[in-house]
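I opened my notebook to look a few things up in this structure. Here is what I went through, entry by entry.

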Amino acid sequence: MICIPITSPDTESALADIKKANNIADIIELRIDYISNLDLKKLIEAAEKPVIATNRRKADNGKFEGNEEERLAVIKQAIELNVDYVDIEIDSDHNDIIKNKKNSKIIISYHNFKETPTNIEEIFNKLKSANAYIIKIVTTANKLSDNLKIIELVKKSKKPVIGLCMGPLGEISRILAPLYGSFLTFASLDKGKESSPGQIPAEILRNIYRINDIKPGFKIYGVIGDPISKSKGYIIHNSLFKKEKLNNIYLRFQVEDLKEFMENFSNLLAGFSVTMPHKQQIINYLDDIDLTAKKIKAVNTVVNKDGKLIGYNTDLIGAIKAIGAKTEIKNKNVTILGAGGAARAIAVGILAKGGKVTILNRTVEKAEKLAKELNCSFGSLKNFESVKTNILINVTSVGMYPNINATPIDTKSLKNIVVFDAIYNPEKTKLLQEAEKNNCIIIGGKEMFINQAAEQFKIWSGKEPDIEFLRSI
Ligand code: ATR
């Protein structure tokens, strides 16, 4: 179930938000402590979904200004108004509330805004022994494995339980805990209306992650990287899973410590995407890698085959398919701008297709090293005008948002060639805009992104995805 907290500052705007939340929430939490000029009766009546009344004190990141007696008095008032649930903290004077709960159900809660403490089990037992209907245990994730501690508690609880971790590293618990039996998960009505750090918009939890539709026995996929907050793969893969009616979920894992992640999560996952900065390091943790990934020395896709982790690289296929859809590669003079990991992958792919490669880079020594290894030509970006080019490929980061007016080379000499830019933000880089003006065929990085995601999906599911559907996403 998705619970939307109402965090409006007054009764009027709270009423407007409740109206919106009625359409997307399964349950609504009234954050009484946020609301000045409180008209509790009006608010409870406006909700078409069950209501939790919460009146949080400042010590628990709440906003209630009055003393403890006044705070509990408002909760008692909610009980008098027949509210469905009230939330009361384990370390407050909860016995009186529990005794006089009338028709309301009690949620006994624990929050920790600093950490997931080592004595979490003990805290959980204390919550269990309070005579409440639901146990709520909320901590802060300082490392990804903290999420697993909370999920374990959720899994084994016989009483209804709400469990999750807050903070950017806690995002996965907000999605996974309800799938493992958490009574509900909190979601924001909109971006900016979060009641605690890390809340995901309700629309995304319902329609992208499908947390109310995923059934037990689901498989977990995801992407690992650092930073990961801008990664959009979760939209693509979850939409594909939905379309293909697969009981799978795809999460974003903010992984700073690859070793810690692999120790704790690799068995849990059916497969995952790998992005910067882990594409090379991940190889040390795999049982096997395919030939292409071996040549590129980078893995962006992992599949868990009966406990064995196998690595692939779909970046290369993604790029080559995107270019191959617009032009023949064989015997063409292909100039690659950049000499990093992506340049290596694309150069390997172009050479395999029979293209003649020249690598140009700002730091010429790097271009030289890569070119010698792959047996092709090299030079500086400044040499571009003198290099015969049929296909130009940019795999430097020049032109990427926010520096959208930069180009890696002087664009004067671009004419009647094919230009591919691996950057997908912006969709049409300055390089592509200039190339288009000069009669070039242009290909944007979005095509590479779509094709590499399609290949990943194929590796994981064995199914051919609908590329047009991917484009529409
Ligand atoms: P990736 O794996 O995406 O290729 P990378 O290994 O960090 O990432 O490589 C980035 C590439 O962009 C390099 O070729 C880099 O050139 P240097 O080797 O000289 O660093 C290139 N690059 C980044 N910023 C650049 C800039 N401002 N001008 C020119 N090239 C740039």
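**Entry 1: a proline in a loop**

I began with Pro465, which counts as buried at 6% relative accessibility. I am working from a predicted model, so I keep that in mind for every entry. Pro465 sits in the loop between helix H16 (445-461) and helix H17 (467-472). Next I asked which residues Pro465 is in contact with, leaving aside its neighbours within four places in sequence. I found Leu240, Ala454, Phe457 and Lys458. I also looked up Lys219: it is 246 residues from Pro465 in sequence, and the two are 18 Å apart in space, C-alpha to C-alpha.

**Entry 2: a threonine in another loop**

I then turned to Thr411, in the loop between strand S19 (391-394) and strand S20 (418-421). Is Thr411 buried or exposed? Its relative accessible area is 13%, and the cut-off for buried is under 20%, so I noted Thr411 as buried. Not counting residues up to four places away in sequence, Thr411 touches Leu431, Glu434 and Asn438.

I went on to helix H14 (residues 364-374), where Ala367, Leu370, Ala371 and Leu374 are buried. Looking down the axis of H14, I saw that its buried residues fall within an arc of 100 degrees, so they line one face of the helix. What covers these buried residues? I listed helix H13 (341-352), strand S17 (356-361) and strand S18 (377-380) among the elements that do. On the face of H14 turned away from its buried side, I found the exposed residues Glu365, Lys369 and Lys372. After H14 comes Asn375, and I wrote down its positive phi, near 65 degrees.

**Entry 3: around the ligand**

Then I looked at oxygen atoms of the ligand and their partners in the protein:

- A backbone N or O atom of Ala339 is 2.9 Å from a ligand oxygen.
- For Gly341, a backbone N or O atom lies 3.2 Å from an oxygen atom of the ligand.
- Arg362 uses its side chain: one of its N or O atoms there is 2.9 Å from a ligand oxygen.

How much of the ligand does the protein cover? I noted 67% of the 640 Å² of accessible area that the ligand has on its own.

Note on methods:
Residues numbered from 1 in each chain as written. Predicted model: local features only at pLDDT ≥ 70, side-chain atom pairs only at ≥ 80, totals over all residues. Heavy atoms only, no water. Polar contact = N/O pair within 3.5 Å; in protein donor to acceptor, adjacent residues only side chain to side chain. Areas by Shrake-Rupley, 256 points an atom, 1.4 Å probe, with all protein chains shown as cover. Buried < 20%, exposed > 50% of the residue type's maximum accessible area, 1.4 Å probe, protein only. Helix = DSSP H or I, 4+ residues; strand = E, 2+ residues; numbered from the N terminus. Arc of directions from axis to C-beta. Contact = heavy atoms within 4.5 Å.
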